[in-house]
Amino acid sequence: MKKLIYLALFLLVTTSCKDFLQEDPASLMVDSNFYKTEADADAAIVAVYDGLNDQSNIFYRGIYLLAELPTDNAECGQGVANANIFALKNFTYGPVNDRIYVLYTAVYKTIANANVAIDKIPAIPIADAKKNRLLAEAKFVRALLYFNMVQLFGDVPLVLNQVTSLGDVNVPRTAAAKVYEQIVADLEFAEQNLDATNATGNVGRATKASATGLLAKVYLTLKDYPKARDKAKAVIDNAQFGLVDSYFDVFTPQNRFNKEIIFSIQNKGNTGASNGFAMALFLPRSTIPLPGGGTVAGNSADVPTVEFYNSFKTGDLRKDRTFFTEYDAGAGKVTFRPHWYKFFDPSAIANLGEGTLNYPILRYSDMLLTYAEALNEIGGPSTESFEALNKVRRRAYGKPVATANATIDLQGLTKTSLLDAILDERRWEFGFENQRWFDLLRTGKLISTLQAKGITAIKNYNLLFPLPQRELDVNKSLTQNPGYTN
């Protein structure tokens, strides 16, 4: 039955408008027989979350290639064979780039899943509270995806309903301001109707705090600092969340569900269906001997820059959780240049399978740093802004979070210096979590920061990525971002 449900959803949801028009008309009959029962509504929401779990195309690697790789945090490793990936790092990409296309279409496929749920669930006889909660989950996911899209591409087609006819295909780009209005509206609905906490059977689903936390980041991006401050503070004050004592433990497989995670994408791992971190991509090519015989080696495709590795200060414990330069699987130590370590799962090392760690979208430390940044933008440095920042720093250096520490704490900075300090802290805190591009873009420091690091190929028009040419070929209502040609 579960397979039949997924098949029905697959037939109803399209990867692109062109694909939709090529569907067998007989398959569309499923639509009239589905979305009748509470189980159908539940299945529709499972399909929405399942789209988020597309690790290869959206989170984590799809976003990684646009939001981490082109920055000063990452570079192409030895195992990269796709010229389109090198183009993203070297700022030589254009509209014909398969990595941009894959991300763009995968995101819109999952938005389509959410739109189907939002359109169909209202007519299904379910208790109002559950109906609104399911709708809120779909709207949360839709808002999350549009938030990523509008930051990456600027004006994007705002599709809010199921594609059902030829007239739905040629959707023009919508002004970014209007897209943000919809993101806020979806998150406000989610904030009101999501559950406050998740029962055991609903672990991993979005909660009220997930919507509030994402709103804080949206408002920060929109430079609505008072609202960003208030939303971040609401999550900070929520007793179910807080900093885990050890930064290392935030990312251990056995601690996948911890009080620091406000929302994360759930990974099953080792399923062969891109349901976890593809560890071969970020593990070293060095041959690692295994207990009982045999060896294993990754392909070093996704690697950090040495500059990022060296930027961590002495005593910052995050360094040894973000990277590693040696590993012993139990049969001998191997050393190598710095590689990503944060999402390494030892249980999957034998076959370089998919790790089981969840992909964090919102963490408590993000709310503290969002709060500090908003306060600084409103009134400059303050006791509260320094304290929010210093809590993150104290944990990073293994100190009690709630206790002032003259050695670790920052103080006496100007408004400009404090923003720089917050950006540094975000870089060290969220390395390999695909936030660096968005942080530099939001603060207007993307081009200057990268050029200062020797990444001189970036130009003003690179602040937005090009829409895929294949989408423009299908949808004649679309226009391209300035600066890009075929």
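Predicted model: local features only at pLDDT ≥ 70, side-chain atom pairs only at ≥ 80, totals over all residues.
Visitor: What makes up the secondary structure of the chain?
Guide: The chain has 19 helices and 10 strands.

Visitor: How much of the chain counts as buried?
Guide: Of its 486 residues, 58% are buried. Buried here means under 20% relative accessible area.

Visitor: What share of contacts join residues at least 24 apart in sequence?
Guide: The share is 68%, among contacts between residues at least 6 apart.

Visitor: Let us turn to a pair of helices. Why are α4 and α7 called roughly antiparallel?
Guide: Look at the angle. Helix α4 covers residues 38-52, and helix α7 covers residues 98-120. Their axes cross at roughly 165°. Angles over 145 degrees count as roughly antiparallel. Therefore α4 and α7 are roughly antiparallel to each other.

Visitor: How do you know that α4 and α7 meet, and which residues are involved?
Guide: Their axes come within 8 Å. From α4, the residues in contact are A44, I45, A47, V48, G51 and L52. From α7, they are T110, N113, A114 and A117. Contact means heavy atoms within 4.5 Å. These residues divide into 7 nonpolar, 3 polar and no charged.

Visitor: What is the handedness of the crossing of α4 and α7?
Guide: α4 passes α7 in a left-handed crossing.

Visitor: Now another pair. Why are α8 and α10 called roughly parallel?
Guide: Helix α8 spans residues 128-153, and helix α10 spans residues 208-221. They pack at an angle of about 20°, with axes 11 Å apart. Angles under 35 degrees count as roughly parallel. So α8 and α10 are roughly parallel to each other. Their crossing is left-handed.

Visitor: Which residues of α8 and α10 meet?
Guide: F140, L144, F147 and Q151 in α8 touch S210, A211, L214, K217, V218 and T221 in α10. The contact divides into 6 nonpolar, 3 polar and 1 charged.

Visitor: What does the side chain of S385 reach?
Guide: The side chain of S385 reaches the backbone nitrogen of S382, at 2.8 Å. A polar contact needs N or O atoms within 3.5 Å.

Visitor: Which residues does S385 contact, leaving aside neighbours within four places in sequence?
Guide: S385 is in contact with A372, L375, G380 and L418.

Note on methods. Residues numbered from 1 in each chain as written. Heavy atoms only, no water. Axes fitted to C-alpha atoms, helices over the stretch in contact; angles between N-to-C directions. Helix = DSSP H or I, 4+ residues; strand = E, 2+ residues; numbered from the N terminus. Parallel < 35°, antiparallel > 145°, perpendicular 65-115°, else oblique. Left-handed = near helix turned anticlockwise from the far one by under 90°. Nonpolar A, V, L, I, M, F, W, Y, C, P; charged D, E, K, R; others polar. Polar contact = N/O pair within 3.5 Å; in protein donor to acceptor, adjacent residues only side chain to side chain. Buried < 20%, exposed > 50% of the residue type's maximum accessible area, 1.4 Å probe, protein only.
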